Amino acid sequence: MPVKLSFTLNGRPVSAEVEPTMALLELLRERFDLTGAKLGCGEGECGACAVLLDEEAVLGCLTPAFAVDGRTVRTVEGLSSSEGLSALQQAFVSEGAIQCGFCTPGMEIAAASLLRQEPRPTPEQIRRGLEGNLCRCTGYVAMIEAVEAVNDD
Amino acid sequence: MKGGPAREALRAVNPPTGYFRPDSVADALEILARVDQARVVAGGTDWMLSVRTQGQVPAAVVDIFRLEELQGLIRHPDALEIGAAVTVARLLASAEVARDAPLLAQAADRFGSPPVRSRATIGGNLCNASPAADLTVALLASDATVEVASRRCRRSLAIRELVLGPRRTALASDELLVSVRVPIRPGAVWAFQKSGRRPALEISAAAVAFSAVLQDGHLREPRIACGAVAPTPMRALQAERLIADRRLDPSLILACARRAAAEVEPIDDVRGSALYRRRLVGAFVSRCLEGCHAG
Amino acid sequence: MTTETRWIGARVPKLDAPAKATGQVRYLSDLSLPGMLHGKIRRSDRPHARIVTIDIGQALAVPGVHAVLTARDIDNVAFGHGNDNNAFKNDIVRCIRDEIAAVAAETEEAAERACRAIQVTYEDLPAIFDPREALQPGAPVLYAEHPDNRPFTYSYGHGSIEQGEAESAFVVDNEFELTWVNHCCMGVSAILASFDAEGRLTLHSQTQVPFLYRRDMAAIVGMDPADIRVIQPTIGGAFGSKLDIYPFEPIAVHLARATRRPVRIVFSRQEEFRASPTRQPAIVTLRTGCDRQGRLTFRDAHVLLDNGGHTSWGATIPFVMMQTVSSLYRVPHVRFACDVVYTNNPYSGSFRGYGNLQATFAVEQQVDMLAERCGLDPLEIRRLNAQHSGEETGQGLVFSTCGLKDCLDSVARQSDWAQARSNREAGAKLRRGVGVAGLLHVGGGAKIYRSDGCGSILSIDDFGKATLVTGSSDIGQGSETVLAQIVAEVLGIDIARVRVINDDTDVKPWDVGVHASRTSYVAGNSALMAARQARDKLLGAAARSFQVPLEELSLRDGSVMRGSERLTALDRLVRSLHFSERAELLVTQAYFEPASVKQDSEFRGNVSPTYAFAAQVAEVEVELDTGVVRVVRVSAAHDVGKVLNALGLEGQIEGGIVMGMGYALSEELKIVQGMVLNPSFRDYHIPTAPEVPEIRVEFIETLDPTGPFGAKGVGEAPAICLAAAIANAVYHATGVRFTRLPLTPERVLEGLIAAGLVADLGASPCQA
Ligand SMILES: Cc1cc2nc3c(=O)[nH]c(=O)nc-3n(C[C@H](O)[C@H](O)[C@H](O)COP(=O)(O)OP(=O)(O)OC[C@H]3O[C@@H](n4cnc5c(N)ncnc54)[C@H](O)[C@@H]3O)c2cc1C
Ligand code: FES
Ligand code: FES
C-alpha cells in the first residue's frame, strides 16, 4: 500500500506516492530529479545526502520518505534564489571550500541548519556542526572559514 | 539526462503493505494489537539501516515520530519524564535535561552527528537494544525506568528489565514504549566517558556512565554503567560495591577501575579487542572517579 | 619574467565552484541516458578458489534482467601492468573482489537481485595472506608463470654500503609496517558505457588518464581506439584511484554491447571499500647510518610489497620509494631492494604520494633516531643534511631549485620549535610532543612513458573570449582554474573571459593524464606556450595596423596598450584579423614536453624536470590512559616554486595534511583471511571537522627556471610526510617509537603499557 504524501519542496507544493521503506533521498533524486543531495554511503555516516526538513538538517538516506508528509523540505537546489547564490554558498565559493564538490551540497545544508540554530557560531561550534559531513578533499579548514565568513557579514 | 543514485542501497526488496500514522497513543496501541507484524518506527535511523542491510521488512509500519503524546519533557518533583519520541537533538537543547539528567545530556553530546540527532529518538535507542547504545548506558546509570503500554496493560520496567540482549527487548509485539522516567538525584556527581578521538560520530568501543551522591566525602549508591562491553549495557556491580560508602583515594580508584575492567564481558570485533575494551573501562572508571574526587 | 601579475598568485575561486555550490553539477551517479540499464557485478566470496560451476539460470529469470555475462560470453583479454587481470575471472578467483559475472537490468534492484541469484560453486585452494609467507619455499602458488610468487623485483644502489657502514658512528635498524588504505573518494567508482548506431563507444568515465585509458580499453574490448570517445564528467575525487583500468569498466562495455543499451555501473560504498584499489601495504626494513657529526652515511632498504591477487599500479611504487631512500637529504651510499609478491588479499593501485608516504614514514623516523643518538636537535640534523639548489643526487635527480632548508627554517619559526620541544607534560594523563619531517617528491611529472607531454589549443573568438582546450584533466584539484589564470595573465583579460575545455577526448589534444603532480607544471607550461603565441600574434597584428614598434606594446585589461595608452580593444583586433584580407583566425596550439628523462635500467636519471620539497611540524597530545593521539597543530612549509593560485594551493595543502593525518591515526582496512572486515565509514574512519588541527602554511617560492611563472607541482606533496612527523611527535611525547601505522588508540595504549609508562588496567586483578 503506497503512502500518499503532500509536502512543500523548495517552496513549491508537491505530492507523491511512495513505498513505506523508500528513503527521502531516493524520493528527491528519482521522482523530483533533484540530484544535488548525493548518496555517499547510505549508512548515515557521510552527510552527503543531507537536506533540510523544516529547516533542520536530516539525512536523506536514513529518513523515511513518509516523514516529510505535510512538512517543508529544502535541498541544496533550494538554497539559492533567482538572484543567485546565497551568502553561505557565496562564502563556500570565495573561501575555497569547494574542491571536487561532492560533499558540498550536504555540507551547505549542515551549515545552513547550524546557522539557523546558532546565527553566530564559534569556530568550535562550526566544527561540531559539520561533524556529520565527510570531505576527502579540503581538510575542512576552508569550510569552517566559509561558515565564519557568513556570520561576519 | 535524468538522474538516479545507486538505489540498491536504498530500497527494500518487498515493501511493507501497511503504513499507519496514528494521532494518539491509544490509536497506536490499537494498530499494534490488530495488525499482524506491525513495526513501530520512530526516527528510523536504526530501522532504515536494518531494512537495507538485513532486508527485515515488516508487514506494516506504525510511524510514531510526530505523535504528540510522545513528545513530552516534563519536570516532576522527583523525576524528569521524557517522551519516547523525543529526539537526541531536543535532549541536547534542553536546559532541564542538562540540569536534571546530565548523563543524558553528555551522552547526547557525543551521539551520532547533528543530522542523526535530529531524527534519532530516546525510545528508539532503548528499543533497538544495541550493546553500544549510549543513551541506554546513561539511563542505566541514572536508574531510569520506562513506561510501556499496550491495549492490554501499562507497565513500568527498569532498563535492565527492558533490554535483554543484542537487538532483544522485553516488549511484546503489541507494546509501545511511551516514556522514560529519569529520577532526579540532588547532590549527585555525574560523568560520561566514551571511546574515540572524535567528539561524536563514533560507535562506542566502550562507554562508561557514572553517578553517585557525594556525602561528606563518601560515595553513596554509586552506579557504574558500561556500554559495548557485554551483550547489553551493564552495571559493574562489583566495582560499585568496592567504593560504596567509602572515601575515594588513589588506590581505591585504581582497585575499582581494575574491578570494573575485570567484570565486564567484552568481545573482539573491528572496533576493538576485548582486552582494549577492558582497558578503556578501567581508564573511564578511573576518570569518572578522579573527576568527583577532585571536584 | 613578469614582475607584476594580475591573476598569477591571486586567490582565485575555482571556476566551477558556483555550479558545485548550487548542486547543479552532475556527477556520474547523477547521469543517465534514455534506455539506460543498470549493471551490477557478482564478485567472489572466496579469497582463493577454483570456480567449479556458475549457474545463471535463476538470475536470467529475474524480471527486468537483460543480460547476465560471465567469462564464457566474452573475449576475455588479459590486462593490467602485470597482464594478470581479466574483466571476468575464467576459472580461478584470487581475491574477494574478483569479478565472476555481471548483470544488466532495468533497475538497480533487479540487477542486484539477479546477482545474488547467480549460483557459484567453488573448490577452495590454499591461500596466502601474509606477504612473508608468499616467499617461503612450498608456499601456495598464485600464478604458474610466477612459481616464486614474485612478479616484480627492484634493485637500486649508489656508492657502497660497506663503505657507508665503515664511515658510520651510529646505525639504526628497524622494520616499519604500513597497511591498506582506501582512497575514500566521496564519489564512488562509476562508469556509463553506450554505443551509437555505427558501433562507436562513448564512455562517461572517471579516468584521470583519458588517452591511455582509451588505448587500453580498446585493446581489452577489441575495438579501434579511434572509435572510443571518453567524456569525463565532474568527479567526486580521485587521488590516484582512477589511474588504471579496473574490471568493472570493460564489464560495463561488454554489458552495453550485449544489450545494445547504455549501461551504467555505480558502486555501493561497501563495494568501494572492498573492490576499489588501495594504498599499497608495505613492510620496510631500513638501516640508516650517520657519522659523529650527524652527517648521513648510508641507507639500506628492503621493501616487501603485498601485491594482492592481481597487479595494478601499486606494484610500481618502488620507483617513488627509492627516490626518497636515495635522495631525501644527502646520502652518499644507498641500497634499495624490493620484492613485490602475490597474495590472496585485495590489490592496490596508485594513491596520492605513490609509495612516498610509506618510504618517508620509515626514512624520517630514522633521521630522528639518529639525531637522538648523536645528540642533535631533529631540525639541526635535517638542516645539516639538506641539499642546496643545483645539487644532483646519487640517483641522478637534479634539484634545479631546492627549498628544503628554507622549509625547515620556516616550520621552526611557525611552530616556535624550541619552545614546543621543551614542553611535554600537560597533565597526569596527557603528554604533548612535537615532531618534524621533510619530504621530496617529483614536481613536474615523471617520465615513465616515452612522452610526459601535454597539448593545448587556444582560440580567441571575435568577442575577445579565450577558449583553452587542454589535454589535461581536472579531478577536483582545480587545475582548470590555474590554466585559466595563466591564459588570462598572458592575454591581459579577465578570467571570466577564459573558458577551459578538458573533458572530451574527441576534442582535446594528447596528454598523459593526472599523476605525478604534473598538471600545473606540464599542462601549465603547455597553456603558457599557447597563450604566448596568441599574445605574439595579437601584438604583431597590432604593431602592423598601428604602425608602432612591437616592443612598446602589451596586453592589459582586454586591450592592446602602448605604455599607458589604449590602442584598441582585444575583440576588435581579433575581428579585424578575421575579417581582413589575411582572414586569420586567432588559434594557437602548443605541445609541451618536459626536459626530464626516462630512467635507465638501473633507475638512474633525472625523471622529473623539477622537485617539490616540504617540511611539516606536528604538535600532538597523547592521552596516556586511552592511547588517543590528537594532532593539535600542523605547521607546514612547501617549496611550490611559485604560487599560482594561493586559494587553491592552500586547499590542496590543507586537504593533503588532513588526509595524511587520517593515514597516521586511523585509516586502515582491516583485512583478515583476505576479507575486508570494515567496509564502511562507520568502522573506517577518515578525519572529520572537529579533529582537524590548526594548520599553518607558508609557501616557499624558489622560482623554478622551467616552471610556468616558476611554479612546481604540489598536488601530492602535502599528504606525504605528516605520518612521520606525527610518529616523531608521539615519540617526543612518550618516548615510545611506533613503527606501524595507523596509530590507533588501541595500538598506542599497547605500546605505552609495554613501555611501562602506564599501568595495565585491563590485566586481570589476580595478575596485577
Ligand atoms: C550515523 C549513525 C550514528 C549513530 N550514532 C549513535 C551513537 O553515537 N550512539 C548511539 O547510541 N546510537 C547511535 N546510532 C544509532 C541510532 O541512531 C540510535 O539507536 C537511535 O536512538 C535510534 O532511534 P530512532 O528513533 O531512529 O529508532 P528507529 O530506527 O525508529 O527504531 C529503532 C528500533 O526501536 C523500535 N522502536 C522505536 N521506538 C519505539 C517505541 N517507542 N516503542 C517500541 N519500539 C520502538 C523500532 O521498532 C526499531 O526496532 C547511530 C546511528 C547512525 C545511523
Ligand atoms: S549517504 Fe546518507 S549519510 Fe552518507
Ligand atoms: S570537496 Fe571533495 S569531498 Fe569535499
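Helices (H or I, at least four residues) and strands (E, at least two) are DSSP runs, numbered from the N terminus. The structure described here is a predicted model, in which local features need pLDDT of at least 70 and side-chain atom pairs count only at pLDDT 80 or more, while totals for chains, interfaces and linings use all residues. Residues are numbered from 1 along each chain as its sequence is written, chains are lettered from A and ligands numbered from 1 in the order in which they are written, and side-chain values use heavy atoms, with hydrogens and water left out.

Three elements of chain B, namely β2 (38-41), α7 (122-128) and β10 (176-183), each supply at least two residues of the shell around ligand 1. Of the contributions to this shell, that of α7(B) is the most, with five residues. In total, 36 residues surround ligand 1, and the closest are V40(B), T45(B), D46(B), T121(B) and D134(B); a residue is near a molecule if one of its heavy atoms lies within 4 Å of it. The site is shared between chains, because residues from chains A, B and C surround ligand 1. The shell divides into 16 nonpolar, 10 polar and 10 charged residues, where Ala, Val, Leu, Ile, Met, Phe, Trp, Tyr, Cys and Pro count as nonpolar, Asp, Glu, Lys and Arg as charged, and the others, Gly among them, as polar.

Next come individual atoms. A polar side-chain atom of T45(B) lies 2.5 Å from an oxygen atom of ligand 1. Backbone N or O atoms also take part: one of D134(B) lies 2.7 Å from a ligand 1 oxygen atom, and one of G44(B) lies 2.8 Å from an oxygen atom of ligand 1. Taken alone, ligand 1 exposes 980 Å², of which the protein buries 95%; accessible areas come from the Shrake-Rupley method with a 1.4 Å probe.

Two loops deserve a look as well. In chain B, the loop between β12 (207-215) and β13 (218-227) holds D216(B), a residue other than glycine whose phi is positive, near 30°. In chain C, the peptide bond from L741(C) to P742(C) is cis, with omega near -10°. P742(C) has its place in the loop between α18 (722-734) and α19 (745-754) of chain C.

Technical notes
Polar contact = N/O pair within 3.5 Å; in protein donor to acceptor, adjacent residues only side chain to side chain.
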